[in-house]
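Here's a quick tour of a protein chain for anyone new to reading structures.

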Amino acid sequence: MGTNQNTKSAHNESVAPATALAYLDPKYWDERFSKEEHYEWFKDYSHFRHLILPLLKPDSSVAWNVIVLELGSGNSKLSEELYNDGITHITCIDLSAVAVEKMQRRLRLKGMKEIKVLEADMLDMPFGNECFDVVVEKGTMDVLFVDGGDPWNPQPSTRAKVMAMLEGVHRVLKKDGIFVSVTFGQPHFRRPLFSAPEFTWSFECSTFGDGFHYFLYTLRKQW
């Protein structure tokens, strides 16, 4: 057991950044993903499955062909867990070519050929308007805030990036489509951004986790 713990500790040290600002550097992610096979930010799917699955499959007895986009998939297994729950029309995007190649290979070996994995920037998504039923991000939006300064009043550059992401999400969502954001960003910090006048979505917030709570925001596009 001692050997396993030491190995795990050494692995964590090998991928942990020297400062949080490294999260904004694509080279950091390529290097990390080249060493790391799997990591889940903000708990794995089992902890919030009860919150997200009813949004994707309102009637568990009926097959739903919901089309899902995952932002910043990295080396998470979220898409695989959704696939195992019957959500098979999934597109994952990530800025890291290393992460994309490794996930493509992993999914191919598991026979999950319906899941598409693309190298793309969530601030400039290469998709047409209103083409997804659901967009999911888990911890990806949080990266944009690492140099944001005061969380009550983020720096203009930070706010611009966050708004570019949200505008892209709103654009690719179909009418009545849902944006799901899993984060530790508290409602009083996120609501002003989600509720900007250019967006037509409703806002709901749920929590999960023991001790430290994480937040799952559900934003449904009205038109």
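Of the 223 residues in this chain, 44% count as buried. Keep in mind that you're looking at a predicted model. The notes go from the whole chain down to single residues.

**The whole chain**

- Count up the secondary structure and you get eight helices and seven strands.
- The radius of gyration is 17 Å, close to the 17 Å that the globule rule gives for 223 residues, so the chain is as compact as a globular protein of that length.
- Along its principal axes, the C-alpha trace spans about 55 × 45 × 35 Å.
- Take the contacts with a separation of 6 or more: 69% of them are between residues 24 or more positions apart.

**Surface and charge**

- The chain exposes about 11,600 Å², and carbon and sulfur atoms supply 53% of that.
- There are 25 positive and 30 negative charges, and their mean positions are 3 Å apart.

**Helix α8 and its buried side**

- Which residues of helix α8 (residues 187-194) are buried? They are Arg-190, Leu-193 and Phe-194.
- These residues cover an arc of only 95° around the axis, which puts them on the same side of α8.
- Here's a handy bit of background: an α-helix has 3.6 residues a turn, so residues three or four places apart point the same way.

- Thr-158 sits in helix α7 (residues 156-172).
- Its relative accessible area is 0%, so Thr-158 is buried.
- Setting aside neighbours within four places in sequence, Thr-158 is in contact with Leu-144, Phe-145, Asp-147 and Gly-148.
- Asn-84 belongs to helix α4 (residues 78-84).
- With a relative accessible area of 56%, Asn-84 is exposed, because anything over 50% gets that label.
- Asn-84 and Leu-24 are 60 residues apart along the chain, and their C-alpha atoms are separated by 32 Å.

**Positive phi angles**

- Most residues other than glycine have a negative phi.
- Glu-130 isn't a glycine, yet it has a positive phi of about 50°.
- You'll find Glu-130 in the loop between β3 (116-119) and β4 (132-138), and it is partly exposed, with a relative accessible area of 45%.
- Asp-176 isn't a glycine either, and its phi is positive too, at about 70°.
- Where does Asp-176 sit? Its place is in strand β5.
- At 42% relative accessibility, Asp-176 counts as partly exposed.

- Arg-220 is part of strand β7.
- Its relative accessible area is 33%, so Arg-220 is partly exposed.
- How far apart are Arg-220 and Ile-178 in space? They are 4.4 Å apart, C-alpha to C-alpha, although 42 residues separate them in sequence.
- Leaving out residues up to four places away in sequence, Arg-220 touches Leu-55, Asp-176, Gly-177, Ile-178, Thr-200, Trp-201 and Ser-202.
- Notice that Asp-176, one of the residues Arg-220 touches, also turned up above with its positive phi.

Technical notes. Residues are numbered from 1 along each chain as its sequence is written. This is a predicted model: local features need pLDDT of at least 70, side-chain atom pairs count only at pLDDT 80 or more; totals for chains, interfaces and linings use all residues. Side-chain values use heavy atoms; hydrogens and water are left out. Helices (H or I, at least four residues) and strands (E, at least two) are DSSP runs, numbered from the N terminus. Buried means under 20% relative accessible area, exposed over 50%, partly exposed in between (1.4 Å probe, protein chains only). Contact means heavy atoms within 4.5 Å. The radius of gyration is taken over C-alpha atoms; the globule rule is 2.2 Å times the number of residues to the power 0.38. Accessible areas come from the Shrake-Rupley method with a 1.4 Å probe; for residues, only the protein chains shown count as cover. Lys and Arg count as positive and Asp and Glu as negative; His and the chain ends are not counted. The place of a charge is taken as NZ of Lys, CZ of Arg, CG of Asp or CD of Glu. The arc is that of the directions from the helix axis to the C-beta atoms.
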